[in-house]
Amino acid sequence: MNSTVQQRQDRLEPMLRLAPVIAIVTIDDVNHAMPLAKSLLEGGVRAIEVTLRTSAALASIEAIRGGVPDASVGAGTVLTPADVTASENAGALFFVSPGSSPLLIDAMGKSDVPWLPGAASASEAMALFERGYRLQKFFPAEPAGGVDFLRSLAAPLPKIKFCPTGGIRAQTMAIYLELPNVICVGGSWLSPANVMRDKDWKAITALARAATAGSQR
C-alpha cells in the first residue's frame with residue numbers, strides 16, 4: 001500500500017469528520033462564495049465541496065480559502081490532470097471525483113492534496129483500496145443501490161469508509177449515517193439554486209443547522 005497516499009488519507013479523514021454532511025455547492029457568481037461559506041459555517045457545516053461545473057468555481061475556492069479560514073474548502077468534479085493543477089493552485093484543501101481513471105490517479109499521485117475518489121461497485125472500491133484509498137465517495141448513491149448496497153459492502157470491505165453522494169436528501173441522510181461504513185454524506189440540498197439566486201443566506205444557515213443538529217460525528 002502506498003504510504004504517501006495513506007498519509008494524505010489520514011489528513012483527509014478529519015475534514016470528512018467535521019460534520020455529518022459535506023456541502024456540495026455549485027457557484028455561478030464568485031460574489032456568492034464567501035457569504036455562502038459563512039452561512040454554512042454558522043450552521044455547523046465546515047467542509048465545502050465547490051464543484052468545477054461553472055466558470056466561477058476556481059475563483060470561489062480561492063475566495064473561500066482566503067476569506068473564510070475556518071472552512072475546509074475543496075474542489076469537486078475533478079476529472080482531469082488539468083483540474084488537479086488548477087484546483088491546487090486555487091487553494092483547494094481536498095479533491096473529490098465521481099470516479100477514477102488511470103490518468104487521474106497518476107495526476108493525484110503527483111499532488112500533495114488529499115483525494116476522495118468515487119466508486120460505484122465492489123470492484124472499483126477494491127481497486128482504489130489496493131492503491132491506498134480507504135476513504136471513498138460512493139456515487140451516484142441512490143441510483144447505484146443506496147443504503148442497501150452500502151450495507152452489503154460493510155462486511156466484505158470493512159476497511160473502506162464511504163461518503164455517499166447523489167440523490168441523498170435531508171430526510172434520508174440519517175439512514176446512511178447509521179451504516180458502519182459511512183463516514184459522512186455529501187449534500188447539495190444545503191444550497192438550493194433558488195435560495196442561492198435570492199441570496200437568502202439565513203435559509204442556508206437554517207438548512208445547515210438542521211443537518212448537523214444532534215448528529216455531530
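The model is predicted, so local features need pLDDT of at least 70 and side-chain atom pairs count only at pLDDT 80 or more, while totals for chains, interfaces and linings use all residues. Residues are numbered from 1 along each chain as its sequence is written, and side-chain values use heavy atoms, leaving out hydrogens and water.

**Cores**

A nonpolar core is a set of buried Ala, Val, Leu, Ile, Met, Phe, Trp, Tyr and Cys residues joined through side-chain atoms within 4.5 Å. Buried means under 20% relative accessible area, exposed over 50% and partly exposed in between, with a 1.4 Å probe and protein chains only. The largest nonpolar core holds 57 residues, and Leu40, Val50, Phe95 and Val185 have the most contacts inside it. Leaving aside residues up to four places away in sequence, Val50 touches Val25, Ile27, Ala57, Ser60, Ile61, Ile64, Val73, Gly74, Ala75 and Gly76 (contact means heavy atoms within 4.5 Å). A second, separate core has 12 residues, including Met15, Ala47, Leu116 and Cys163.

**Aromatic rings**

Rings of Phe, Tyr and Trp (its six-membered ring) pair if their centres lie within 6.5 Å; planes under 30 degrees apart count as stacked, over 60 as edge-to-face and the rest as tilted. The structure holds three aromatic pairs. Two of them are set out here.

| Pair | Centre to centre | Angle between planes | Type |
|---|---|---|---|
| Trp115 and Tyr133 | 5.1 Å | 85° | edge-to-face |
| Phe138 and Phe162 | 6.3 Å | 70° | edge-to-face |

Trp115 lies in strand β5 (residues 115-116) and Tyr133 in the loop between α6 (122-130) and β7 (135-138), 18 residues apart. Helices (H or I, at least four residues) and strands (E, at least two) are DSSP runs, numbered from the N terminus. Trp115 counts as buried because its relative accessibility is 2%; Tyr133, at 5%, also counts as buried.

Phe138 in strand β7 and Phe162 in strand β8 (residues 161-164) are 24 residues apart, and both are buried. Ring pairs link Phe138, Phe149 and Phe162 into a cluster.

**Cavity**

A cavity is a set of points, on a 1 Å grid over the protein atoms alone, where a 1.4 Å probe fits but cannot get out; lining residues have an atom within 4 Å of a point. A search of the whole structure finds one cavity of 30 Å³ or more. The largest cavity has a volume of about 40 Å³, the volume being the space filled by probe spheres set on the points, which are joined across faces, edges and corners. Its lining consists of Val5, Arg8, Gln9, Met108, Val113, Pro114, Trp115 and Tyr133. Helix α1 (residues 3-16) supplies the largest share of that lining, three residues.

Definitions and conventions
On a 1 Å grid over the protein atoms alone, a cavity is a set of points where a 1.4 Å probe fits but cannot get out, and a pocket is an open set with protein on both sides within 12 Å along at least five of seven lines; lining residues have an atom within 4 Å of a point.
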